[in-house]
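Let's go through this one as a chat, asking each time what a label rests on. Have a look at the picture before reading on.

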Amino acid sequence: MIAAFCKRFSCAGAKYGSYFYRAMGESLSLQKVEYMFGIVGVPIIEVAMAAQAAGIKYVGMRNEQAACYAASAIGYLTGRVVSCCPPPPVSLADHGAVTEAISVLKAAKRPLVIIGKGAAHGRAEIALRKFVKMSGLPFLPTPMGKGVLPDDHPNCVAAARSRALLQADVVLLLGARLNWILHFGLPPRFDPDVKVIQVDLCAEEMGNNVRPAVALLGDINAIVTQLLECVHKDGWKYPSDTEWWSTLKDKIVANAKISKALALQSTLPMNYYTVFHHVSQLLPHDCIIVSEGANTMDIGRTMLNNYLPRHRLDAGTFGTMGVGLGFAIAAAAVERSRNKGRRIVCVEGDSAFGFSGMEVETMCRYNLPVVIIVVNNNGIYSGVDPETWKEMAKMGDLTAIAPPVTLLPEARYDKIMAALGGRGFLVRTVEELRSALQLSLSDWEKPSLLNILIDPSSDRKQQVTLTSSNIQYVCIQLSHPV
């Protein structure tokens with residue numbers, strides 16, 4: 001669309017074309033646009049130049065998708081809506097519905113609060129912190145809801161996620177959608193009789209997949225404040241000595257033991273849990289974590305804590321691979337302008353890294369000190385070791401033999417970063433991992449990439465799920481702790 005207009009005006013003559021470009025740049029500036037991400041070519045070059053002349057920062061990307069991902073992250077990170085329209089009024093929920101929601105919560109034996117991305121987007125962290133403290137309720141963050149309240153908060157039950165979802169009889173759903181990430185709110189992952197109190201800004205989302213017992217439509221920060229006022233007025237608090245709290249705490253301890261045993265394994269190549277155990281020990285609490293991949297993202301969610309709101313960006317609802325480096329570039333650009341001293345750490349599976357891998361050149365070009373951690377298992381979900389790959393190659397055409405999930409074993413992604421001017425590290429051991437990460441976190445001049453070679457067969461831990469219908473244990477592999 002813009003290209004068509006630009007071509008039309010450029011053909012009309014240099015005088016009118018120059019006026020058009022200047023007007024476009026000034027118009028974007030008036031709408032408080034700070035960043036433009038894109039790839040230029042005739043006749044778009046002049047648009048980027050006009051934007052720069054109007055004071056807008058232009059970041060030239062290597063892939064149009066990555067440019068879109070970067071632009072989408074800016075609004076989320078900064079809280080700024082780019083629009084010529086005034087901000088919408090803050091809407092409150094119906095008072096009667098709020099009172100009903102509190103009544104349902106008070107009657108619950110096994111209540112659970114689920115904090116979604118909407119709570120982060122709505123800047124509801126202060127009200128939520130007060131509400132959880134006053135109500136005493138256990139909470140569970142969704143992947144993008146991590147950090148709205150700290151992951152190490154005493155009421156956080158993320159380490160007993162599956163147990164909490166399965167056995168909760170009332171769920172207060174705060175800015176989260178009952179999509180595949182939350183198993184659509186349906187059995188066998190939820191109690192078939194669970195009552196949902198749904199808080200959402202969008203009316204069309206109410207009742208998707210599960211009919212809510214109470215629907216609270218409006219601004220999430222305002223509604224949490226309404227709930228907080230009711231709890232304060234009633235003086236109600238969910239007891240800390242209930243059987244429900246005991247069940248959740250016992251499961252948290254049991255899962256922590258399993259994860260720790262895996263993390264402390266000394267065998268080589270390392271597994272996911274060993275890698276994330278040591279990474280988590282070294283990351284600053286205020287770093288922004290960007291993550292994508294299959295096992296890398298899923299296991300990373302459970303082991304890499306977030307302590308502050310809007311400090312995690314991942315593939316989200318649609319599970320889109322390729323978002324990581326674009327998100328990281330956006331976060332680094334914002335961080336540079338704010339100069340708060342926060343590190344941007346991009347945790348990638350080797351397959352996910354391949355989607356937008358050339359954006360490391362963008363990072364090097366603009367000296368964006370992003371730390372990229374590639375957890376390399378030689379494949380999508382799993383791969384094979386170099387010896388197995390060589391044996392397969394002897395058997396004939398690899399396009400007919402190699403499993404579709406395999407990638408080139410021990411690919412040197414670190415050398416790509418080094419060739420472009422950044423720091424590249426090949427990592428095989430815990431000692432190499434800790435040394436490389438500490439060096440990377442201390443370097444504010446250039447980006448770094450840690451290429452961590454792990455066991456190609458490394459997987460999520462085997463887990464046990466208790467079904468609600470027949471008290472039967474079934475051993476299955478899950479994305480999250482039971």
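**What the labels rest on**

Q: Which residue in E4 does Val113 stand opposite?

A: Val113 faces Phe139 in E4. Before we go on: this is a predicted model, where local features need pLDDT of at least 70 and side-chain atom pairs count only at pLDDT 80 or more, while totals for chains, interfaces and linings use all residues. Residues are numbered from 1 along each chain as its sequence is written, and side-chain values use heavy atoms, with hydrogens and water left out.

Q: What makes E3 and E4 (residues 139–141) a strand pair?

A: Two strands pair if DSSP finds at least two bridges between them. Here 3 bridges join E3 to E4, so by that definition they pair, and they run parallel. The names come from DSSP runs, numbered from the N terminus: helices are H or I with at least four residues, strands are E with at least two.

Q: How do you know that E3 pairs with E5 (residues 170–174) too, and in which sense?

A: There are 5 bridges between E3 and E5, and the sense is parallel.

Q: Why is strand E3 (residues 111–115) called mostly covered?

A: Buried means under 20% relative accessible area, exposed means over 50%, and partly exposed lies in between (1.4 Å probe, protein chains only). In E3, 5 of its 5 residues are buried. Side chains in a regular strand alternate between the two faces of the sheet. In E3, Pro111, Val113 and Ile115 sit on one side, Leu112 and Ile114 on the other, and all are buried.

Q: How many helices and strands does the protein chain have?

A: The chain has 19 helices and 17 strands.

Q: What makes the chain as compact as a globular protein of its length?

A: The globule rule is 2.2 Å times the number of residues to the power 0.38, and the radius of gyration is taken over C-alpha atoms. For 482 residues the rule gives 23 Å, and the chain comes out at 24 Å, which is close, so it counts as that compact. Buried residues make up 52% of the 482.
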